[in-house]
Each structure stands twice: as C-alpha cells, then as structure tokens.
Amino acid sequence: MPSEGALGRLAVRSVVTIDGPAASGKSSVARLVAERLGVPFVSSGLLYRAATYLALDAGCEIDEPVAVLGEIRGHRVALEPDVEGNRLFIDDRDMTERLHTHEVDATVSTVATHPEVREWVNSRLREIPPPFVVEGRDMGTVVFPEAEHKFYLTAPAAVRARRRLGERSQDLDAVTAALLRRDQLDAGRLAMAIDANSIDTGGLSLQEVVAEVLSMLPGEKSG
Ligand code: CDP
Ligand code: CDP
C-alpha cells in the first residue's frame, strides 16, 4: 500500500508513464522514482517478454498471432508489480530471470507487432489499480493517454549499447547490432506523447535522471 505522504506528493490521478527506447534507463528510473513515491512500478515489457518466452518454448510460429495468443491463453501469466522490482509468474512459477535472454531479446519485437498480443498486454496493464509508475514504449500515448505525468527518455544508441553491455554475455558489436535491430522494429510504436517531458539521459547518471523526473512531479523537490 502506498503511504499517505506518497499519495499526497503524487496528488493527481496517480499514473506516471515513462517511455523510451531500449536501455534508455526506463526500468531503472521507473523503479527508483516509484520507490521515492512509495508506489509500485510496472514494467510492461515483461508481459511482451512472457508472451515471447511462451511462444518460443512451445515452438510456435512467431509470425502467427493466433498460435502465439493460444499459448498465452493456455497459461496463467501474472505480473507482480512491486516497489522492489517486477516478477513475472507463469503457472505460479517465477520466470523473471528467463525473460532477458538473447533469444527473447531477438524475438520480442516481432511478437509485439501482433495487435492481438498488444491488446492482451494492454488489458492486463489497465487492470492494475493506480497509483503506479509504468514504463514501456506506448504507455503515455496508447495505454494511459490520460496520465497526468509523462516522461520520455532518450540517449544515443552508442550510450545505450554500452549500458546494455554489462547486462548481456555478448561483445559490444553484437549488443549494438541487437539494439539497433530492436530500435528499428520498435520504431512504429515508440512515440513521445505530445504532453510528455523529454529527458536526454546520455550525459546523466541514473540519480540525475531520477532527480530530474522527481523535480517535475508536484510537491517533489530534486536532490
Ligand atoms: O528493457 P528494454 O527496453 O530492452 O525492453 P522491454 O521494455 O523489456 O521491452 C521488450 C520489447 O517489448 C521491446 O523491444 C518492444 O518490442 C516490446 N514492448 C512494446 O512493444 N511495448 C511496450 N510498451 C513495452 C515493450
Ligand atoms: O529499461 P531500459 O531498457 O530503458 O533501461 P534500464 O534497463 O533501466 O537501463 C539500462 C542500464 O543503463 C542499467 O544498468 C542502468 O543502471 C544504466 N543506466 C545508466 O547507467 N545511466 C542512466 N542515466 C540510465 C541507465
């Protein structure tokens, strides 16, 4: 439960959206901002990753939305938003650690093109009771257009690739190529909401980005 103080600081309808490309810092920033506000953070990408994991595990045709959706519907998929971090359960088993492999990275953007899969993810997200901080690609534009606090994080591809390097067992060239490929596939649905605050995080530390976001929320002071 969020504390009274946190709700007081957040004041309004209490959904904060953070969008941006891969490794722009969305999940790290969302987690820390949510922690400061005392509300859960929600990682929408984990639901796309879970759908992809299930489709790969079942050997489905990835280009076939009906097959992918059949797999999703055949399992209990539960996203547990939390102040500490998001966990993704499939049939009551915590599968979070299996959702950030090269295979899932390489396939998730294709699975995410299927409107049926997007509809499934979006309905799951809209079931979550506010307040929360949610991060993804289209949170401020499509899923929560009414949110009163929207942020859009950017950073040059080279900076993002270096950030991701430490999290994957691949070399810089492979990480950069995978990132650029995903940028290209995600381009169609990654858009900045007209009422979003854009932050170029390229030259900023994580703490500096968090301070900037907090400074733009009502009642919060940076630092
Ligand atoms: O953390 P990272 O930005 O690398 O990825 P993610 O947030 O876990 O999202 C994985 C993939 O899911 C993205 O590359 C998109 O293809 C897709 N996605 C999406 O289409 N819409 C969202 N709101 C979130 C993720
Ligand atoms: O969720 P998304 O893919 O947008 O990015 P992330 O997973 O939150 O961030 C990728 C990595 O970049 C993490 O290890 C962050 O700690 C790091 N990062 C950073 O070093 N400086 C920033 N300003 C933002 C993120």
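The model is a predicted one. Ligand 1 has 18 residues around it, and ligand 2 has 15.

**Ligand 1: surroundings**

- Of the 18 residues that surround ligand 1, the closest are Arg 49, Arg 118, Arg 164, Arg 182 and Asp 186.
- Sorted by class, the shell around ligand 1 holds nine charged, five nonpolar and four polar residues.
- The space that ligand 1 takes up is the largest pocket.
- Three elements, α3 (44–57), α5 (102–111) and α9 (172–186), are the ones that give two or more residues to the shell around ligand 1.
- Helix α3 provides the largest share of that shell, with four residues.

**Ligand 1: polar contacts and cover**

- Arg 182 places a polar side-chain atom 2.6 Å from an oxygen atom of ligand 1.
- Arg 137 also takes part: an N or O atom of its side chain is 2.9 Å from an oxygen atom of ligand 1.

**Ligand 2: surroundings**

- Among the 15 residues that surround ligand 2, the closest are Ala 23, Lys 26, Ser 27, Ser 28 and Leu 204.
- The shell around ligand 2 is made up of six nonpolar, five polar and four charged residues.
- Helices α2 (26–37), α8 (157–165) and α10 (206–215) each contribute at least two residues to the shell around ligand 2.
- The largest share of this shell is three residues, and they come from α2.

**Ligand 2: polar contacts and cover**

- Ser 28 has a polar side-chain atom 2.5 Å from an oxygen atom of ligand 2.
- Gly 25 contributes through its backbone, with an N or O atom 3.0 Å from an oxygen atom of ligand 2.
- Ligand 2 exposes 540 Å² when taken alone, and the protein buries 79% of that area.

**Backbone features worth a look**

- Pro 130 and Pro 131 are joined by a cis peptide bond, with omega at about 10°.
- If you want to find this spot, Pro 131 is in the loop between α6 (115–126) and β6 (132–136).
- Asp 91 has a positive phi, near 50°, although it is a residue other than glycine.
- Asp 91 belongs to the loop between β4 (87–90) and β5 (93–94).
- With a relative accessibility of 30%, Asp 91 counts as partly exposed.
- Asp 92 likewise has a positive phi in a residue other than glycine, here near 70°.
- The loop between β4 and β5 is also where Asp 92 lies.
- Asp 92 has a relative accessible area of 60%, so it is exposed, the cut-off being over 50%.

- Val 68 has its place in helix α4 (residues 65–73).
- The relative accessible area of Val 68 is 0%, so this residue is buried, a label that applies under 20%.
- Between Val 68 and Ala 58 there are 9.1 Å from C-alpha to C-alpha, and the two are 10 residues apart along the chain.
- Ser 215 is part of helix α10, one of the helices that supply at least two residues of the shell around ligand 2.
- At 35% relative accessibility, Ser 215 counts as partly exposed.
- Ser 215 and His 149 are 66 residues apart in sequence, while their C-alpha atoms are 12 Å apart in space.

Definitions and conventions
Residues numbered from 1 in each chain as written. Chains lettered and ligands numbered in written order. Predicted model: local features only at pLDDT ≥ 70, side-chain atom pairs only at ≥ 80, totals over all residues. Heavy atoms only, no water. Near = heavy atom within 4 Å. Polar contact = N/O pair within 3.5 Å; in protein donor to acceptor, adjacent residues only side chain to side chain. 1 Å grid on protein atoms, 1.4 Å probe; cavity = no way out; pocket = protein on both sides within 12 Å on 5 of 7 lines; lining within 4 Å. Sits in = over half its atoms within 2 Å of the grid points. Nonpolar A, V, L, I, M, F, W, Y, C, P; charged D, E, K, R; others polar. Areas by Shrake-Rupley, 256 points an atom, 1.4 Å probe, with all protein chains shown as cover. Buried < 20%, exposed > 50% of the residue type's maximum accessible area, 1.4 Å probe, protein only.
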